[in-house]
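This briefing is meant for a reader who is meeting this structure for the first time. Please look over the sequence and the model before going on to the notes, which are grouped by topic.

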Amino acid sequence: MSAVNKYISRYPDARKILLVGDLGRAFLDINAATDTRSEVCADMPEAINITARKNFAAIAIVMSGISARLSSDLKALRDNSDAKIILLAQMYEEPIAIHLVGSAYNESSLADDYFICPVGADRFYESIMTAGDLGKAETAPPAAIDMTETRIRQLERLATEDDLTGLKNRRYIWEFSRQIIEYAKKEDGRVTLLVFDVDDLKKYNDIYGHSAGDEILKQAAVLMQRCCRGHDVVGRVGGDEFAVIFWDDPQQKRAAAPAKSDDRRSANADHPAEAITIAKRFVKELSKAEMSTFGGLGPGGKGVLTISGGLASFPRDGRTIEQLFQQADKALLEAKRSGKNRIYLVGKPQNDIAEID
């Protein structure tokens, strides 16, 4: 018997969890998810009707397949219930989930937390039962469950994040790219991959030491994230090599009003033009950063950091993540051979990044 089942046996009056949507897209084992701990409904309108009549400890919503009215439906759930609202998101839906968790409504947020799918049923229920006050202080779960969940969260973070820069790691970038390309195939979406590295990093390591080189990588990561749109994914894929996935945010595609043309976070510009614009901005920010400001280099650090990169787009340059990485890496190599400090498009080399239009 799992820790949560023991908990429920100890507290038989614990309220149920309402599961909303296509559970096959969220759980590894649907049968394990749909037991005495839960009630299931097909969509958000049905969930709103049910929560008007019943109380639940939490409401878990499978985001895939849910209509564009998700924000307004979440507000309706908030009006009906004080239950915890948990989003079950695919990897490419994580930016939307983060946005909804951070969106305020009536002194609360539209959602309280999210999970990346697929998830195991036991782990899901254990997490839900430890997600804060579920309505009755006397039914608080054992501290051991909370400690286990904390360890699980830490391990998940280590499995998907680069420990030096805090960016997503190669494993995450590869899986996210695979999922977002499959999504783009179904939704006629656009995906562009930028692969770049820091020019002459070995020289800085040799002159100033590896700690200074690490600081350069961390600062480059911060600058790149600052230049990208909120939903783009930046990762470190190894050594001094980084990857950025530019893609169409479905939340923005659903918006009725088009974004302003000068909005740097607009997802409506054609790929790879938007990616080039962001790459230019990144290079400009790097050129502003004096080497002496990077930790470990000290006042004697001189020069300007530069990058070389390659861009490849779906579906023009490849229809799989393997093909896109192969093409982007080729373009990166050509940029290096041509003198560095430049970004090449697949099949369309440019002499200098400032000339890319």
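This is a predicted model: local features need pLDDT of at least 70, side-chain atom pairs count only at pLDDT 80 or more; totals for chains, interfaces and linings use all residues.

In which helix do Tyr 172 and Phe 176 both lie, and how many residues apart are they? Both are found in helix 8, which covers residues 170-187, and they are 4 residues apart, about one turn of the helix.

**Overall make-up**

- The secondary structure of the protein chain comes to 13 helices and 12 strands, and of its 357 residues 48% count as buried.

**Nonpolar cores**

- The largest nonpolar core has 30 residues, and those with the most contacts inside it are Leu 194, Phe 196, Met 224, Val 244, Phe 246 and Phe 282.
- At least two residues of this core come from each of several elements, including strand 8 (191-198), helix 9 (201-208), helix 10 (210-227) and strand 10 (241-247); helix 12 (273-288), strand 11 (307-314) and strand 12 (343-345) are also among the elements that each supply at least two.
- Another core, of 26 residues, lies apart from the largest one, and Met 44, Phe 56, Met 63 and Ala 97 are among its members.
- Ile 276 has its place in helix 12, and this residue counts as buried because its relative accessible area is 5%, a value under 20%.
- Between the C-alpha atoms of Ile 276 and Tyr 344 there are 9.7 Å, although the two residues are 68 residues apart along the chain.

**Aromatic rings**

- A pair of aromatic rings is described by the distance of the centres and the angle of the planes.
- A search of the whole structure finds 9 aromatic pairs.
- One of them is the edge-to-face pair of Phe 124 and Tyr 125, with 5.1 Å from centre to centre and 70° between the planes.
- Phe 124 is buried, with a relative accessible area of 0%, and Tyr 125 is likewise buried, with a relative accessible area of 0%.
- Ring pairs link Phe 124 and Tyr 125 with Phe 27 and Phe 115 into a cluster.
- Tyr 172 and Phe 176 form a stacked pair, in which the centres are 6.0 Å apart and the planes are at 10° to each other.
- Lys 168 lies over the face of Tyr 172, at 4.4 Å from the ring centre.

**Cysteines**

- How many disulfides does a search of the whole structure find? The search finds 0 disulfides.
- Cys 228 is in no disulfide, since the nearest cysteine sulfur, that of Cys 227, is 6.9 Å away, whereas a disulfide needs the two sulfur atoms to be within 2.5 Å.
- Cys 228 is buried, with a relative accessible area of 2%, and Cys 41 also counts as buried, at 3% relative accessibility.

**Backbone details**

- Most residues other than glycine have a negative phi, and most peptide bonds are trans.
- The peptide bond from Cys 117 to Pro 118 is cis, with omega near 0°, and Pro 118 is found in the loop between strand 7 (113-116) and helix 6 (121-129).
- Phe 314 and Pro 315 are also joined by a cis peptide bond, with an omega of about 0°, and Pro 315 is found in the loop between strand 11 and helix 13 (321-337).
- Asp 188, although not a glycine, has a positive phi of about 55°; Asp 188 is found in the loop between helix 8 and strand 8 and is exposed, with a relative accessible area of 66%.
- Asp 200 is another residue other than glycine with a positive phi, near 60°; its place is in the loop between strand 8 and helix 9, and Asp 200 is partly exposed, with a relative accessible area of 35%.

Key. Residues are numbered from 1 along each chain as its sequence is written. Side-chain values use heavy atoms; hydrogens and water are left out. Buried means under 20% relative accessible area, exposed over 50%, partly exposed in between (1.4 Å probe, protein chains only). Rings of Phe, Tyr and Trp (its six-membered ring) pair if their centres lie within 6.5 Å; planes under 30 degrees apart count as stacked, over 60 as edge-to-face and the rest as tilted. A charge sits over a ring if NZ of Lys or CZ of Arg is within 6 Å of the ring centre and within 35 degrees of the ring normal. A nonpolar core is a set of buried Ala, Val, Leu, Ile, Met, Phe, Trp, Tyr and Cys residues joined through side-chain atoms within 4.5 Å.
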